[in-house]
Amino acid sequence: MEHKKPKLDRKKLLEDARFFGLLNLGLILTALGIVLFKSPNQFAFGGTSGLSVILATLFPRWNVGAFMWVINIALVVLGFCLLGRKSMGWTVYSSFALSFYVSLCEWIWPLSAPLTDDTFLEFCFAVLLPALGGAIVFNVGASTGGTDILAMILQKYTSMEIGRALMVSDLGIVAVAALLYGPRTGMYCILGMVLKCTVVDGAIESLNLRKVCTIITKYPDEVEKYIIEELHRSATEQPALGAYTREKERVLMTVLTRAEATRLRIFLRKLDPKAFLTIVNSSEIIGKGFRSI
């Protein structure tokens, strides 16, 4: 009796490929920010990269990438011992992949000095690149590893607030950076530590931004057909009563991307110039066709 080979789920393969691609893109952007802008300027904003920048200064025989390998290996071993294999998930891959990308970037672009003489410009990229990379990684449901393992351990074994504990460790790294590199660099490090979380949150919101569209038109059937057949989206229809005209209306509500909302607006302008359309931004759309719960 022949055993039928299970059919490969093409959709699942595409989703996995997209996840893996975005995860690595985020880690590469983070590595570029560390190697090209953080390390040459001694910007230690906290985390494993900040600690590695300080250690590379104290022990110049090893570069930042080498110290990231050592710290991440130690954290992964600690995570396996205290959390177990199942709890680690993609954190192990992210920790080692980020260390690899940092080492690769240092090999390709061995910098002994900053790229430019503009410290503030370098600071902006030192914040933006890792923040964008982190936002992409967090948005697909993974992490950049490193201190995330420490956070998981603290969450499991102590009653300490994770955010406060990590903030204290980051402040310690920044304080050491200020002593090593002077108050000017120390102030940049403090500013970077404060800004990085804000920029990550803003980047995640921008990546997930969607348009919630509410439409009232004389031609609801045509609009529904356009949304379903041309935009490949769905819509919710609700009965309504005009407060001024006292006429019965059919209100359509749909969620679209920015480009799809623009197409809908152009279509409505041609179909019914007197249509009523409201568009509201939303970064948390959960459901079929968007993010899962």
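Student: Which residue in E3 is the bridge partner of Ile216?
Tutor: Val251 is the bridge partner of Ile216. Strands here are DSSP runs of at least two residues and helices (H or I) runs of at least four, numbered from the N terminus. The model is predicted: local features need pLDDT of at least 70, side-chain atom pairs count only at pLDDT 80 or more, and totals for chains, interfaces and linings use all residues. Residues are numbered from 1 along each chain as its sequence is written, and side-chain values use heavy atoms, without hydrogens and water.

Student: How many bridges join E1 to E3?
Tutor: 6 bridges join E1 (residues 210-216) to E3 (residues 248-256), and the two run antiparallel. Ile215 stands opposite Leu252 in E3. Two strands pair if DSSP finds at least two bridges between them.

Student: And how many join E1 to E4?
Tutor: 7 bridges, again antiparallel. Thr214 faces Thr278 of E4 there.

Student: In what order do the strands form the sheet?
Tutor: E2-E3-E1-E4, an open sheet of 4 strands with antiparallel pairing. E2 (236-241) and E4 (276-282) stand at the edges with a single partner strand each, so one side of each lacks a neighbour in the sheet. Neighbouring strands are turned by 20 degrees against each other on average, direction ignored.

Student: Which helices pack on it?
Tutor: H10 (residues 220-229) touches E1, E2 and E3, at about 15 degrees to the direction of E3. H11 (residues 258-271) touches E1, E3 and E4, at about 20 degrees to the direction of E1. Axes are lines fitted to C-alpha atoms, for helices over the stretch in contact; angles run from 0 to 180 degrees between N-to-C directions. Contact means heavy atoms within 4.5 Å.

Student: Which E1 side chains are buried?
Tutor: Lys211, Cys213 and Ile215 point to one face and are buried. Buried is under 20% relative accessible area, exposed over 50%, partly exposed in between (1.4 Å probe, protein chains only).

Student: Switching to H3. Is Asn72 buried or exposed?
Tutor: Asn72 counts as buried because its relative accessibility is 1%. Asn72 is in helix H3 (residues 64-83).

Student: What is Asn72 in contact with, leaving aside neighbours within four places in sequence?
Tutor: Thr48, Ser95, Phe96, Ser99 and Gly146. Asn72 and Ser99 are 27 residues apart in sequence, yet 7.7 Å apart in space, C-alpha to C-alpha.

Student: Where is Leu111 found?
Tutor: In the loop between H5 (90-108) and H6 (119-139). Leu111 counts as partly exposed because its relative accessibility is 34%.
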